[in-house]
Amino acid sequence: MADEKTPSYEQAREELTEVVRRLEAGGLTLEQSIELWERGEKLASLCEEWLQGARVKLAAAMAQRRQPDLSGDAPF
């Protein structure tokens with residue numbers, strides 16, 4: 001997910017917040033508004049991808065935690 005061109009979740013969320021602020025402030029041309037809207041859609045999608053990845057990792061960690069340790073290394 002993270003490479004040089006892909007912003008982190010926090011960066012994408014921050015930029016999305018700024019896009020929304022600018023759109024809500026108004027005073028933009030229709031073309032500017034459309035460009036910002038499209039950028040916002042891309043950022044929202046990216047944030048959702050980051051969150052979905054985090055959900056998958058969390059679910060895997062929780063599933064692993066629920067499985068009994070069959071290796072014999074468990075303290076009890």
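In this predicted model, helix α1 packs against helix α2 through a set of residues from each side. From α1 the contact takes in Tyr9, Ala12, Arg13, Glu15, Leu16, Val19, Arg22 and Leu23. Their partners in α2 are Ser33, Leu36, Trp37, Arg39, Gly40, Leu43, Ala44, Leu46, Cys47, Trp50 and Leu51. Sorted by class, this contact comprises 13 nonpolar, two polar and four charged residues.

Two packed helices are described by the angle between their axes and the distance between the axes. Here α1 covers residues 9-25 and α2 covers residues 30-66. Their axes come within 9 Å and cross at roughly 150°. Angles over 145 degrees count as roughly antiparallel, so α1 is roughly antiparallel to α2. The crossing of the two helices is left-handed.

Helix α1 itself has 17 residues. From its first C-alpha to its last it reaches 24 Å, close to the 24 Å expected at 1.5 Å a residue. Just after this helix comes Gly26, with a positive phi of about 75°.

Three salt bridges are found in a search of the whole structure. One of them joins the side chains of Glu15 and Arg39, with an N to O distance of 2.8 Å. Glu15 belongs to helix α1 and Arg39 to helix α2, so this pair ties together parts that are 24 residues apart in sequence. Both Glu15 and Arg39 are also among the residues through which α1 and α2 meet.

Note on methods. Residues are numbered from 1 along each chain as its sequence is written. This is a predicted model: local features need pLDDT of at least 70, side-chain atom pairs count only at pLDDT 80 or more; totals for chains, interfaces and linings use all residues. Side-chain values use heavy atoms; hydrogens and water are left out. Axes are lines fitted to C-alpha atoms, for helices over the stretch in contact, and angles run from 0 to 180 degrees between N-to-C directions. Helices (H or I, at least four residues) and strands (E, at least two) are DSSP runs, numbered from the N terminus. Angles under 35 degrees count as roughly parallel, over 145 as roughly antiparallel, 65 to 115 as roughly perpendicular and the rest as oblique. A crossing is left-handed if the near helix is turned anticlockwise from the far one by less than a right angle, and right-handed if clockwise. Contact means heavy atoms within 4.5 Å. Ala, Val, Leu, Ile, Met, Phe, Trp, Tyr, Cys and Pro count as nonpolar, Asp, Glu, Lys and Arg as charged, and the others, Gly among them, as polar. The expected span of a helix is 1.5 Å times one less than its number of residues. A salt bridge is a side-chain nitrogen of Lys or Arg within 4 Å of a carboxyl oxygen of Asp or Glu.
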